[in-house]
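Welcome! Open your viewer, and let us walk through this structure one selection at a time.

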Amino acid sequence: MRGGRMSPAREISKPRVRFAPSPTGRLHLGSARTALFNWLVARGSDGTMILRLEDTDKERSSPEFEHDILGSLHWMGIDWDEGPDVGGDHGPYRQSERMGMYGEYARQLLGQGKAYRCYCTSEELDARKKAAIADGRAWRYDRRCLELPENERGRLESEGVPYTVRFKVPAGTVTVEDMLRGDVNVDASEIDDFIIVRSDGSAGFHLAVVIDDMTMEVTHVIRGDDHLTNAVRHVLLFEALGARTPKFLHHSLLMGPDGSKLSKRHGSTSVSDYREKGYLHEALANYLALLSWSPGDDREIFLLPELVKEFSIAGVSASKAIFDFDKLNWLNRKHMRRLSASELTDLVVPFLEREGRDAQLALPREKLELAVESVRNGMEVLGDAVEPTDVFVRPAGELDDKARAELRKSAELDDALAMCAEVLGAGPSADMESAERMVAALREGAKGKGWGAKKVLWPFRLAVTGLTVGPDLVYLIIFWGPAGCAERIDATRATMEASGV
RNA sequence: GCCCCCAUCGUCUAGAGGCCUAGGAUAUCGCCCUUUCAAGGCGGCGACACGGGUUCGAAUCCCGUUGGGGGCACCA
């Protein structure tokens, strides 16, 4: 928490914040974190959350991605008060629908001499840039079109040569007031005259963002560190437009395990990937919040409402955040543990469906819940319930090789299994308590013979399930019932005899 | 290359000049529990990047170095 200690989120009075993704891909984990920070600030201080789609890049934007972004946000529990789907007083909320507005402001800047037309083509620019770099000079736009002779300008205009509009960066020092990093000062000479209107007449990113933030009355711009230098341009634009500059907070970027910006080569990076993998939305949101934010004490498990209550900008760190898959897994476990058997089962069912586990799905609901419950502490993600619950739909008497070998090794197998049959015969009921009593009785029985408990319990597992690994014995007893278990043991014996033991 | 940001265990972090022999979590290792796999309990390993200041005293403040990251598009 080096960067700065500003007022807690709830001390900000009615902020208007926005999350402004561009629909050029599925919602990235890093963007989700940005959205979460914005949302926490809004919800923690009676503010307004705005969702704005920055879809000015027609080539790369798609409705499919837009759908994924809204869906992923909703899944995480993030909502908004104004946005493309819910409307609001400052709409429209898609930049593609705001183009007319940008044109007006661009004309205003042009009229005031704060911007100028540039007739340089991309090719010319490219060539001059290459030349500059070859000469070892830093390349910045050379202002050729700002200094165009009048007659030349007139000729180009009358010929209708396409042009871009560039912002005329004034000399001086620009200060970005960042809530996390303090004042960031940059000399304007570092910034070249950037393009605010493209040659096709559409607004560029910087113009669109600033006009939107201005007209949407955004008070706090919370976004990634990668925009810190852009903020310099934005401050310049706000000033040129005579608008109040919002407060900024540039949080650190999400990195992969190797320390570079989290990207596909580190594995899955979209929220929907994690949803599909079987992570709980509570766990993902919790984890994302914990990257760069800390409550200041040892607590780590938070539900969204608790996060809203606890989150404060003062607890946000300015340093890098590496995405740690292990810790996410741990948090997912923690959050799964809070779920009831019924809730967990609801979440597991789609995974059983996806894997075509018809047999499990055909189970009566309470049996399925029991099966899921019995394997829950082995689960890291929801999909982990699929394979381990197979044990409950195995045919009786079917042995895998390891189980068969273990059974053969057992010296007093017949005695042990006879004891199992006896104990199982003692009770028809199949609740947790009586199942525990039966296991206890098996232990007692073993003790009575001077054996360790394993001598009886191990063959019990092997004979009932035909496998060497599986859920706790009490679950087996409840699932099949004492009589069912006894039958399965008999079936295993028959198998053993048939194979000549 | 230029500009900007960042710097505590492998990772996420606590730390607001003396509460620091630097705390927690995760990962890892070991032990315990134990019918299997886990889970759980207990314990171990493990960090203030470096160098200068300021100060009675620095992980904390300042400067420099190094390292990492970001930006320098008619992408956002």
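Start by selecting Asp57 together with RNA strand B: a polar side-chain atom of Asp57 lies 3.1 Å from a sugar or linking oxygen of the RNA. Keep in mind as you look around that this is a predicted model.

Next, pick Ser22. An N or O atom in the side chain of Ser22 is 3.3 Å from a sugar or linking oxygen of RNA strand B. Then move to Ile322, where a polar backbone atom is 3.3 Å from a phosphate oxygen of RNA strand B.

Now widen the view to the protein around RNA strand B. There are 64 residues here, and Arg181, Arg198, Ser292, Glu300 and Arg443 come nearest. Of the RNA atoms that come within 4 Å of the protein, 72% belong to sugar and phosphate. Several elements supply at least two residues each, including helix H4 (122–134), strand E6 (182–187) and helix H18 (454–465).

For the next stop, select strands E3, E4 and E7. They form an open sheet in the order E3-E4-E7, with antiparallel pairing. Strand E3 (115–118) and strand E7 (195–197) are at the edges with a single partner strand each, so one side of each has no neighbour in the sheet. From one strand to the next, the twist averages 45 degrees.

Zoom in on strand E4 (residues 164–167), which two bridges join to E7. Here Val165 stands opposite Val197 in E7.

Terms used:
Residues numbered from 1 in each chain as written. Chains lettered and ligands numbered in written order. Predicted model: local features only at pLDDT ≥ 70, side-chain atom pairs only at ≥ 80, totals over all residues. Heavy atoms only, no water. Pairing = 2+ DSSP bridges. Helix = DSSP H or I, 4+ residues; strand = E, 2+ residues; numbered from the N terminus. Axes fitted to C-alpha atoms, helices over the stretch in contact; angles between N-to-C directions. Near = heavy atom within 4 Å. Polar contact = N/O pair within 3.5 Å; in protein donor to acceptor, adjacent residues only side chain to side chain.
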